[in-house]
Structure formats: structure tokens, C-alpha cells
Amino acid sequence: VVFTQPFNREDVACAGKARIDEWSQWRNVVLPLLAAPRRPLDGVIRTVLVDMDGVLCDFERHFLGRWRAAHPEREWIPPEARRSHAMDHDPRGVYDQASMHAIVKRPGFFESMPPIPGGVEALRQMAQEPGVHVCICTAPFGTGDDAAKCEAEKRAWVRQHLGEEWLTSDRFVCQKDKTTVPGALLIDDKPAPEIVKGVPGSPSWQHVVFTQPFNREDVACAGKARIDEWSQWRNVVLPLLAAPRRPLDGVIRTVLVDMDGVLCDFERHFLGRWRAAHPEREWIPPEARRSHAMDHDPRGVYDQASMHAIVKRPGFFESMPPIPGGVEALRQMVKEPGLHVCICTAPF
């Protein structure tokens, strides 16, 4: 599992490997991989269902823009402060049902929602994965004519952003009860799509939470896999599709964790020491480095003798600052059933 640093982002040796870009993602990457058999997808076609509002389309900010234009004198809630999936159920009581519905039912509302960054491209990539079928699975707003108009507008959105080929019956479903739609995974921002009108359903799919501010702390999302942004889809979706749908099976699995560049910020620590020792010499910003070994960087700034002199000074490794979130992630990891964590580092 690659812990992302600037020098490994485009390294061909990392192609196809799972990644952790920052420690807050460890649970979504590590746990599915531990449960997954180490084999490619087995020829079975697995369907990934993907919601629209709040997942592919930025319903939240679109609504807020319309609300503030329609009611410039009224209070509004910043998206980061919202605490319920249904806007008119938010505990702050700002969006009354009548005013909220009036905005959402206006012609063109759903058709003109802006896409959430990376979503359209992620669906195109996902659909190209062997053994993966992608189907948009969205609920219409309202009932009767309102629901029919909403569906028509959502179809127009899909046609505009993805193309007519995404509107076949096996790639676009618009219905209230998603528990009856067959699939392996459902990517949805709703905290509990498996519950319909207060009654738990029996879906074939596993819910993957697409993070929005209102679902970050919702108890219905506890223990579920998450996608915080679309750039993470591959690290979350593919391991889950390969994994058997069962908890860890009593086997103790060991996770080995490196130190330099993973737990400890070797890069910035070295740079600080280098600039103090050689104020007159060139240096490379961490974001511009292109090799794991500093003295092998193609820019040739860090010669081996000078680099080694800094690293070999007493206290260098002991005083490396921690990478944000790493220590806490290890403490959380060791509490997971069936996990053993071991720091595995190379000496200099």
C-alpha cells in the first residue's frame, strides 16, 4: 500500500497499487484490503450503483444559491454546518418545507445542478474496469407529476454530462426504494438508504457512504466504508468488490507500517537541516522531488556526502516530526478486531 509522497505520485512502480494519501483514509483502504482475497475479480460482473444528488451532483450548493437568490433577507445554513440529509429536517429549522419544495420544484432545478468534482470522470473510469458494471441509481423528488418531472430533468443531466448511452434501463434507475435494485455496492450520501419509511430492507448491496458534512457523525454510517472525494474511488470500490461480504474471520492479520515518510516527516525535517547547514546552496521543495533517495533526485541538488553528513548527525532520526494523523491512526488500527500492527523500518 503506497503512502503518497510527491516523488511517488507518478512512479510507474506504483501503478495499480492501493494508496493512502493521508492518514485519515486508512480505514477505507486497509480494512477492505485485509478482508479481500488476493486475487483479481473472478469473471463475475458486479454492479456498482451510484446516487446522483450529493454524490454526482452538488445538490447542496445548488439549492443554497437558489435559496439566497429567492430569500435574500432570510437565514441560511453553510453546507459545512448542515446536520441532516433532508434539508427541511435540519435541526436548525431554517429551511421550512414549503419554501424548500418551492425552490426544488421550479423547472430546471435538477437539470442544472453542477457536477461534484471528479464524479463524471470517476464513473467513466469505473465502467472501464474488468468485471464492473456501473448503474446510476437515484430517487425522484416528490410523487406523481413532480416525480415524473424530476426524473425527466435527471435524465437530461445524465445526457448532458455522461451521454445518451448512460440512459439505458441497465445504467439508469430512478425510484424511491433503492433496496430492491440489485447491485454489489451503493455509493450514496444518505446515511441509511437501507431503511425505507422506517423499515429496514434487505438490499443485495453494501452501502458505501459518500461523505457530506451532515453524514460525518451520523451513527447510521458507523462502520461503513466511505469515499470522501471521487479521487479515492479506486482504493475503496475495487477492494470491496473483491472482498467476501463477511467480517474478519478470526485470523490475526499483521499490518506493517514504515517510519520515514509515512509516520515521520523525514522530507521536511531534512530540508530544514539542509537549509540551516547550507544557506547559500540550492534546495528542492518537497512537492518537486522525484525520487525516493534524495541523492538520486534527477535535479542533482543533494550530493551524497552532504546529504549523509546531515542525516548522520546525532538526534536526526529521533527528532523527526510526526506526519499528521499517523500516530493516532496506529492507535486506532491496533483496536480493530483481528489486526496486529508492527512498525517496520529500515536503518540508514
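Where is Ser 84 found? Ser 84 sits in the loop between helix 2 (59-70) and helix 3 (97-104). This residue and other parts of a predicted model are described in the legends below.

**Figure 1. The protein chain of the predicted model, shown whole.** Nine helices and 12 strands make up the secondary structure of the protein chain. Taken along the principal axes, its C-alpha atoms fill a box of roughly 75 × 50 × 40 Å. The chain has 348 residues, and 47% of them count as buried. Of the contacts between residues at least 6 apart in sequence, 66% join residues at least 24 apart.

**Figure 2. Ser 84 in the loop between helix 2 and helix 3.** Ser 84 has a relative accessible area of 12% and is therefore buried, the cut-off being under 20%. Its side chain reaches the backbone nitrogen of Asp 90 at 3.1 Å. Apart from neighbours within four places in sequence, the residues in contact with Ser 84 are His 89, Asp 90, Pro 91 and Phe 214.

**Figure 3. Asp 88 in the loop between helix 2 and helix 3.** The side chains of Asp 88 and Gln 97 are joined by a polar contact of 3.3 Å. With neighbours within four places in sequence left out, Asp 88 is in contact with Tyr 95, Asp 96, Gln 97 and His 101. Gln 97 and His 101 fall within the residue range of helix 3 (97-104).

**Figure 4. Asp 58, in the loop between strand 3 (46-50) and helix 2.** Asp 58 is buried, with a relative accessible area of 15%. A polar atom of its side chain lies 3.2 Å from the backbone nitrogen of Arg 61. Leaving out neighbours within four places in sequence, Asp 58 is in contact with Pro 114, Pro 115 and Ile 116.

**Figure 5. Helix 2 and its buried residues.** Helix 2 has 12 residues, which at 1.5 Å a residue should span 16 Å; the end C-alpha atoms are 16 Å apart, so the two values agree. The buried residues of this helix are Phe 59, Glu 60, His 62, Phe 63, Leu 64 and Trp 67. An α-helix has 3.6 residues a turn, so residues three or four places apart point the same way. The buried residues of helix 2 pack against helix 3.

**Figure 6. The largest pocket and its lining.** The largest pocket holds about 1,200 Å³ of space. Its lining has 38 residues, and those nearest its centre are His 85, Ala 86, Ala 139, Lys 176 and Lys 190. Helix 2, helix 3 and strand 7 (195-196) are the elements that give two or more residues to this lining. Helix 3 provides the largest share, three residues. By type, the lining of the largest pocket divides into 14 nonpolar, nine polar and 15 charged residues.

**Figure 7. The largest cavity and its lining.** The model has one cavity of 30 Å³ or more. About 40 Å³ of space lies in the largest cavity. Its lining consists of Asp 21, Gln 25, Asn 28, Val 29, Ser 231, Gln 232, Asn 235 and Val 236. Helix 1 (26-35) and helix 6 (233-242) are the elements that give two or more residues to the lining. Two residues of the lining are nonpolar, five are polar and one is charged.

**Figure 8. Lys 197 in the loop between strand 7 and strand 8 (199-200).** Lys 197 is not a glycine, yet its phi is positive, at about 50 degrees. Its relative accessible area is 86%, so Lys 197 is exposed.

Conventions. Residues numbered from 1 in each chain as written. Predicted model: local features only at pLDDT ≥ 70, side-chain atom pairs only at ≥ 80, totals over all residues. Heavy atoms only, no water. Helix = DSSP H or I, 4+ residues; strand = E, 2+ residues; numbered from the N terminus. Buried < 20%, exposed > 50% of the residue type's maximum accessible area, 1.4 Å probe, protein only. Polar contact = N/O pair within 3.5 Å; in protein donor to acceptor, adjacent residues only side chain to side chain. Contact = heavy atoms within 4.5 Å. Expected span 1.5 Å × (residues − 1). 1 Å grid on protein atoms, 1.4 Å probe; cavity = no way out; pocket = protein on both sides within 12 Å on 5 of 7 lines; lining within 4 Å. Points joined across faces, edges and corners; volume = space filled by probe spheres on them. Nonpolar A, V, L, I, M, F, W, Y, C, P; charged D, E, K, R; others polar.
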